[in-house]
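Here's a quick briefing to read alongside the model. Have the sequence and the 3D view open as you go.

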Amino acid sequence: MTEAWWPDDDDTDRPLPSSVRVRVPAKINLHLGVGPLRADGFHELRTIYHAISLYDEVTARRGDTLTLTMEGEGAGDLALDESNLIIRAARALADTAKVAAHARLHLRKSIPLAGGLAGGSADAAATLVACDALWGTNLGRDELARIAADLGSDVPFLVHGGTALGTGRGEAVSPVLARAHVWHWVVGIADGGLSTPDVYRELDRLRSGPDGPAPLDDAGELMAALRQRDPAVLAAALGNDLQAAAISLRPALAEVLEAGRVAGALAGLVSGSGPTCVFLAAGAEDAARLAAELEKAGVCREVRVAHGPVLGARSV
């Protein structure tokens with residue numbers, strides 16, 4: 001039996017709403033293989049995305065202009081102007097659909113900023129889904145994902161969610177079909193963020209030396225592990241080429257990973273470009289125990305329990 005990646009929940013017969021609230025998950029990378037730098041300035045990637053149950057929410061209401069407000073993580077630090085991916089996503093959808101970019105958008109944020117969990121990309125995906133419903137553009141998820149690809153490498157995946165293979169710079173997404181199974185994670189959130197471009201530059205610097213980290217093999221072992229539904233097998237297949245660079249820039253991450261190992265995690269790794277670390281647990285009870293031990297160790301600003309895969313941006 002294979003899991004359905006996402007349902008087609010578009011409904012063109014509904015009357016236009018006055019308000020739409022969309023919940024969108026964070027992502028982690030179960031496998032993140034970083035290839036050479038391309039002519040366009042991006043690295044060639046081969047990654048397995050996995051959506052987990054840490055969520056932001058974007059609410060879109062009718063308005064005469066395009067505005068953005070927010071609460072939660074990053075309030076006061078996150079710019080709410082034209083540089084914000086939420087505003088850019090709304091304008092991109094409006095341009096594609098030839099409608100006025102008028103909406104009052106509100107972000108309720110709990111995914112950390114610059115944490116390697118694709119919080120900004122998640123918010124862009126949620127905005128596309130919310131404004132598509134608010135404006136009645138009815139583009140469907142495949143078209144929204146095409147718009148999303150111009151906004152950021154992780155955005156198309158978060159329109160869909162689940163578990164998926166990402167190639168190119170990560171924007172070319174295809175579902176990974178595996179036996180339906182829930183994986184349990186503990187998420188260790190650090191103080192402050194890490195700049196993704198800085199982490200990629202550090203990886204290039206490390207690789208230029210004689211003892212630079214070797215790149216990961218392809219994702220075949222990881223995809224085979226997902227089909228087996230055995231947490232120990234999956235633990236052995238997890239990998240992230242950016243981890244060495246993230247630790248080089250933030251050495252304290254090594255202490256976080258060691259604390260997770262001591263607490264009994266099956267595996268731990270830096271999430272994406274970091275500095276968030278994620279730990280695989282054998283089950284829900286083990287995740288709760290592991291989270292308590294990690295909190296006691298005092299190496300993270302916050303510890304959360306999550307599961308995956310979950311659906312991408314969806315109206316609630």
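In which sense do strand 1 and strand 12 pair, and over how many bridges? They pair in the antiparallel sense, over two bridges. Keep in mind that this is a predicted model, where local features need pLDDT of at least 70, side-chain atom pairs count only at pLDDT 80 or more, and totals for chains, interfaces and linings use all residues. Residues are numbered from 1 along each chain as its sequence is written, and side-chain values use heavy atoms, with hydrogens and water left out.

Two strands count as paired if DSSP finds at least two bridges between them. Buried means under 20% relative accessible area, exposed means over 50%, and partly exposed is in between (1.4 Å probe, protein chains only).

**Strand 1 and its partners**

- Strand 1 runs antiparallel to strand 2, with 16 bridges joining them; Lys27, for one, has Ala51 of strand 2 as its bridge partner.
- Strand 1 and strand 2 make a hairpin with five residues between them, and Gly41 in the turn has a positive phi of about 90°.
- Over at strand 12, Ser315 is the bridge partner of Val22.
- Strand 8 (residues 239-240) runs parallel to strand 1, joined to it by two bridges, and there Asn240 stands opposite Leu32.

**Strand 5 and its partners**

- Four of the five residues of strand 5 (residues 163-167) are buried, so this strand too is largely enclosed by the rest of the structure.
- Strand 2 (residues 43-61) pairs with strand 5 in the antiparallel sense over four bridges, and Thr163 of strand 5 is the bridge partner of His50.
- Strand 6 (residues 172-175) also pairs with strand 5 in the antiparallel sense, over four bridges, with Ala172 standing opposite Thr167.
- Strands 5 and 6 form a hairpin with four residues between them; in its turn, Gly168 has a positive phi of about 70°.

**Nonpolar cores**

- A nonpolar core here is a set of buried Ala, Val, Leu, Ile, Met, Phe, Trp, Tyr and Cys residues joined through side-chain atoms within 4.5 Å.
- The largest one has 72 residues, and those with the most contacts inside it are Ile48, Leu105, Leu128, Trp135, Trp185, Leu234 and Leu238.
- Helix 2 (residues 119-135) supplies the largest share of this core, ten residues.
- Another core, of 28 residues, lies apart from it and includes Val34, Ala259, Ala263 and Phe279.

**Helix 2 against helix 3**

- Helix 2 and helix 3 (residues 140-149) pack at an angle of about 130°, with their axes 10 Å apart. Axes are lines fitted to C-alpha atoms, for helices over the stretch in contact, and angles run from 0 to 180 degrees between N-to-C directions.
- That makes helix 2 oblique to helix 3, since angles under 35 degrees count as roughly parallel, over 145 as roughly antiparallel, 65 to 115 as roughly perpendicular and the rest as oblique.
- Leu128, Val129 and Asp132 of helix 2 make the contact with Gly140, Arg141, Leu144, Ile147 and Ala148 of helix 3.

- Most residues other than glycine have a negative phi, and most peptide bonds are trans.
- Asn138 has a positive phi of about 50° although it is not a glycine; it sits in the loop between helix 2 and helix 3 and, at 41% relative accessibility, counts as partly exposed.
- Arg229 also has a positive phi, near 60°, and is found in the loop between helix 6 (220-228) and helix 7 (231-237). With a relative accessible area of 38%, Arg229 is partly exposed.
- Gly274 and Pro275 are joined by a cis peptide bond with omega of about 10°, and Pro275 lies in the loop between strand 9 (267-270) and strand 10 (277-281).
- Another cis peptide bond joins Gly308 and Pro309, with omega of about 5°; Pro309 is in the loop between strand 11 (302-308) and strand 12 (314-315).

Methods:
Contact = heavy atoms within 4.5 Å.
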